[in-house]
Amino acid sequence: MKMKIKDFLNFYIGFNSFQIATESGDRFTSPLTKDQAINAYGKAELKGTDVDGEEYIRYLVLYIPDKDFIG
């Protein structure tokens, strides 16, 4: 099933912080709000998810194709 980040996040309830990462895992953003993630990467295809974070912040990592990563 192919799904865009925007479609996934519009219906997702759970985490309030998100990190966008390349499918290969070599590049990633700092934690983003739902609106920031949608505005920057909403059109990218979601390739997978994972949970990550530090002691005081947990976020959902959204993996996208390497070619769609900005920056």
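Two strands pair if DSSP finds at least two bridges between them. Strands (E, at least two residues) and helices (H or I, at least four) are DSSP runs, numbered from the N terminus. With those terms in hand, here is the briefing. The model is predicted: local features need pLDDT of at least 70, side-chain atom pairs count only at pLDDT 80 or more, and totals for chains, interfaces and linings use all residues. Residues are numbered from 1 along each chain as its sequence is written, and side-chain values use heavy atoms, with hydrogens and water left out.

**Overall build**

- The protein chain has two helices and three strands.
- Along the sequence, these elements follow the pattern α-β-α-β-β.
- The radius of gyration, taken over C-alpha atoms, is 11 Å for the protein chain. The globule rule (2.2 Å times the number of residues to the power 0.38) gives 11 Å for 71 residues, so the chain is as compact as a globular protein of that length.
- The C-alpha trace spans about 30 × 30 × 20 Å along its principal axes.
- Of the 71 residues, 35% count as buried. Buried means under 20% relative accessible area, exposed means over 50%, and partly exposed lies in between (1.4 Å probe, protein chains only).
- The accessible surface comes to about 4,800 Å². Carbon and sulfur atoms hold 50% of that surface. The areas come from the Shrake-Rupley method with a 1.4 Å probe, and for residues only the protein chains shown count as cover.
- Contact means heavy atoms within 4.5 Å. Among contacts between residues at least 6 apart in sequence, 57% join residues at least 24 apart.

**The sheet**

- Strands of a sheet pair through backbone hydrogen bonds, either parallel or antiparallel.
- Here three strands form an open sheet in the order β1-β3-β2, and the pairing is mixed.
- β1 (18-22) and β2 (48-53) stand at the edges. Each has a single partner strand, so one side of each lacks a neighbour in the sheet.
- Neighbouring strands of this sheet are turned by 30 degrees against each other on average, direction ignored. Axes are lines fitted to C-alpha atoms, for helices over the stretch in contact, and angles run from 0 to 180 degrees between N-to-C directions.
- β3 is mostly covered: five of its seven residues are buried.

**Strand partners**

- β1 and β3 pair in the parallel sense over five bridges. In this pairing, A21 stands opposite Y63 in β3.
- β2 pairs with β3 (residues 58-64) in the antiparallel sense over six bridges.
- T49 has L62 in β3 as its bridge partner. G53 stands opposite R58 in β3.
- β2 and β3 form a hairpin, with four residues between them.

**Salt bridges**

- A salt bridge is a side-chain nitrogen of Lys or Arg within 4 Å of a carboxyl oxygen of Asp or Glu. The structure holds two of them.
- One joins the side chains of E45 and K47 (3.7 Å, N to O). E45 counts as buried at 18% relative accessibility, whereas K47 counts as partly exposed at 42%.
- Another joins the side chains of D68 and K67 (3.1 Å, N to O). D68 counts as partly exposed at 25% relative accessibility, and K67 counts as exposed at 69%.

- E45 sits in the loop between α2 (34-41) and β2. Not counting residues up to four places away in sequence, E45 touches K2, M3, K4, Y63, I64, P65 and D68.
- P31 lies in the loop between β1 and α2. P31 counts as partly exposed at 39% relative accessibility.
- P31 and F18 are 13 residues apart in sequence, yet 5.3 Å apart in space, C-alpha to C-alpha.
- Leaving aside neighbours within four places in sequence, P31 is in contact with F18, I57 and Y59.
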